[in-house]
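User: I am new to reading structures of this kind, and I would like to learn how to go through one feature by feature. Could you guide me?

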Amino acid sequence: MSVLIFLDQADGQIRKSSLEAACYGAKVAEQLGVNAEGIVLGTVTDDLASLGKYGLRRVHSATTEVFNQLDGQLFTKAIADLATASGATVIVFSNNLSGKAVASRLSVRLKAGLVSGAVALPDTSNGFIVKKTVFSGKAFANVAINTEIKIILLNPNSYSITIGEGVAEVATFQTAPAPAKVQVIDVNKVVGEVPLTEAEIVVSGGRGLKGPENWALVTDLAKLLGAATACSRPVADIEWRPHHEHVGQTGITIAPNLYFAIGISGAIQHLAGVNRSKTIVVINKDPEAPFFKAADYGIVGDVFEVMPKIIDAVKKLKGVS
Amino acid sequence: MKILVCISKTPDTTAKIAFTANNTKFVAEGVQWIINPYDEWYALVRAIELKEAGTATIIHLVTVGLPDCDPVIRKALALGGDEAIRVNAESHDSYYIASQIAEVAKQGGYDLIFTGKETIDYNGSSIGGMLAELLDIPYVSLAIKFNMEGNDAIVVREIEGGEETDKVPLPLVVSCQKGMAEQRIPNMKGIMGARSKPLKVVEPIDVTPLTSIASFDLPPAKAGVKLVSADQPEELVRLLHEEAKVI
């Protein structure tokens, strides 16, 4: 018996959200009195044995070339085979794009109940109950998984990474995957930016910034804080900012430690995408902006007067001139 | 080409979320039900566009639910689509729903199945993948563009930090999100026409759900915003550093 954690990679490096899943999975394993094991598909440059410090006893690796592109069907088969061979009773994924694409298929293949968007460790006192977000962050559901094998997709930024001692045993396994049916013909990635879903701090701008030429107020602060940048839906719709920055009900859902909203009124659809952020700061000139009700800190004021002063204060704090 | 579009009903985005019966039941009274926005704006409308362009010949809609879903499915038919199928069952979990839709899909022999990227109530994002596995066909998630090129689908999808273009043979399951199509409003001709379109009701197959909801919780109320004077923005930075400890 074991807890198996899928370690998703980006350009050869294990993603931060997967390391969170590893720590979470290790804790679940401790709860159940079994070992935590990882699975890595494709070639990674990270030292797999060092993943032991996240609580993994063993890391299974298959470096077959075809796994360097994520293919739902092939990944599902490989993970299912390994899960069966290693006697995994709980399989943990990050609730990121790859996790969602693979785990849903795996659920069917293994007849394993799945909970996506988990935000806490399972309650194993009576059955196996996992808390997840529902209604776009407006509520939680406690979902009982009633099957022998359980699949959990952990929301990014919901479980802290803890680093301990330990070295994982690295086990390679052989698979002979069928050719992929999905052929990737082009990849267009934004490089050098902090990925929005994994960012601990997000600085976001809305229509209150009046135009794309004023976005330095967002990007300068983001740079100082090592933050990702985001925007509201209207801003993406009028193409002041790219669509992949749009957070909200119809955009990306995030839960950073700090969400810094500049000139965003906070419509309910926007809040649905950010309301799980641990600390929310709102700068808006309208004291009636609904966002203030959801915020932890706020300044009612003109963003063009307030933001330069905030940026200066952060520079001072960080010792940047 | 035959397309099946999966439709789900969800509470309106502005609906008040509350629970009753010891936090085990969603309070449905007074809730306005809508077509799940991702199913409507992106999946259904793109299917309609493909039919208008002559790429698709037939569009069927499918939903799993009791008769109270009928107004929502009629509304979807008012936008477009040739007929709707309702699997007459309570919805249970994602696996149950995907299994029912897979059965409809097998009967209908569709080339393409569109879903929304998630429902805005359960936020599972799992129906598409489950359906594809049940039918043993490829699944492309989070599509932002979809076109046909010969016998292959060319799909642009979101990946972490960017976009990817895939070429995939049919049959195929695609989950749709923003970018696929522009939102439409049904016109009077559509609304009148929807009344005479067939809405077939089929009985569910026997499937045991894999999960069940034990209870719901509402998030703890926020303590309230701490306002800092606009004359002293540096005070906000101090609070974030020393009190909230987030910077």
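Analyst: Let us begin with one pair of side chains, bearing in mind that this is a predicted model. The side chains of B:Asp217 and A:Lys131 meet in a salt bridge, with 2.8 Å from N to O.

User: How many salt bridges does the rule find across the interface of chain B and chain A?

Analyst: The rule finds five salt bridges across that interface, while the count over all chains comes to 26. Polar contacts are counted as well, and between chain B and chain A there are 32 residue pairs in polar contact, both residues being at pLDDT 80 or more.

User: Which parts of chain B supply the side that touches chain A?

Analyst: At least two residues each come from several elements of chain B, among them α1 (37–52), α4 (127–135), β14 (211–217) and α6. The most is given by β11(B), with eight residues. Sorted by class, this side of chain B has 40 nonpolar, 17 polar and 17 charged residues.

User: What is the area buried between the two chains, and how many residues does each bring to the contact?

Analyst: The buried area is about 6,700 Å², of which carbon and sulfur atoms give 59%. Chain B brings 74 residues to the contact and chain A brings 85 residues.

User: How should I read a helix such as α6 of chain B, and which of its residues are buried?

Analyst: In α6 of chain B, residues 233–242, the buried ones are B:Pro233, B:Leu236, B:Val237, B:Leu239 and B:Leu240. Seen down the axis of α6(B), these buried residues fall within an arc of 160 degrees, so they line one face of the helix. They pack against β15 (258–262), β16 (279–284), β17 (297–300) and α8 (303–318) of chain A, together with β15 (226–228) of chain B.

User: Where do the partners lie in a salt bridge that links distant parts of the chain?

Analyst: Take the side chains of B:Lys51 and B:Asp82, which meet in a salt bridge of 2.6 Å, N to O. B:Lys51 lies in helix α1 of chain B and B:Asp82 in the loop between α2 (70–79) and β7 (83–88), the two being 31 residues apart. In chain A, the side chains of A:Glu169 and A:Arg58 meet in a salt bridge of 3.3 Å, N to O. A:Glu169 is in strand β11 and A:Arg58 in strand β5 of chain A, so the pair ties together parts that are 111 residues apart in sequence.

How values were computed:
Residues numbered from 1 in each chain as written. Chains lettered and ligands numbered in written order. Predicted model: local features only at pLDDT ≥ 70, side-chain atom pairs only at ≥ 80, totals over all residues. Heavy atoms only, no water. Buried < 20%, exposed > 50% of the residue type's maximum accessible area, 1.4 Å probe, protein only. Helix = DSSP H or I, 4+ residues; strand = E, 2+ residues; numbered from the N terminus. Arc of directions from axis to C-beta. Contact = heavy atoms within 4.5 Å. Buried area = accessible area lost by both parts, 1.4 Å probe. Salt bridge = Lys/Arg side-chain N within 4 Å of Asp/Glu carboxyl O. Polar contact = N/O pair within 3.5 Å; in protein donor to acceptor, adjacent residues only side chain to side chain. Nonpolar A, V, L, I, M, F, W, Y, C, P; charged D, E, K, R; others polar.
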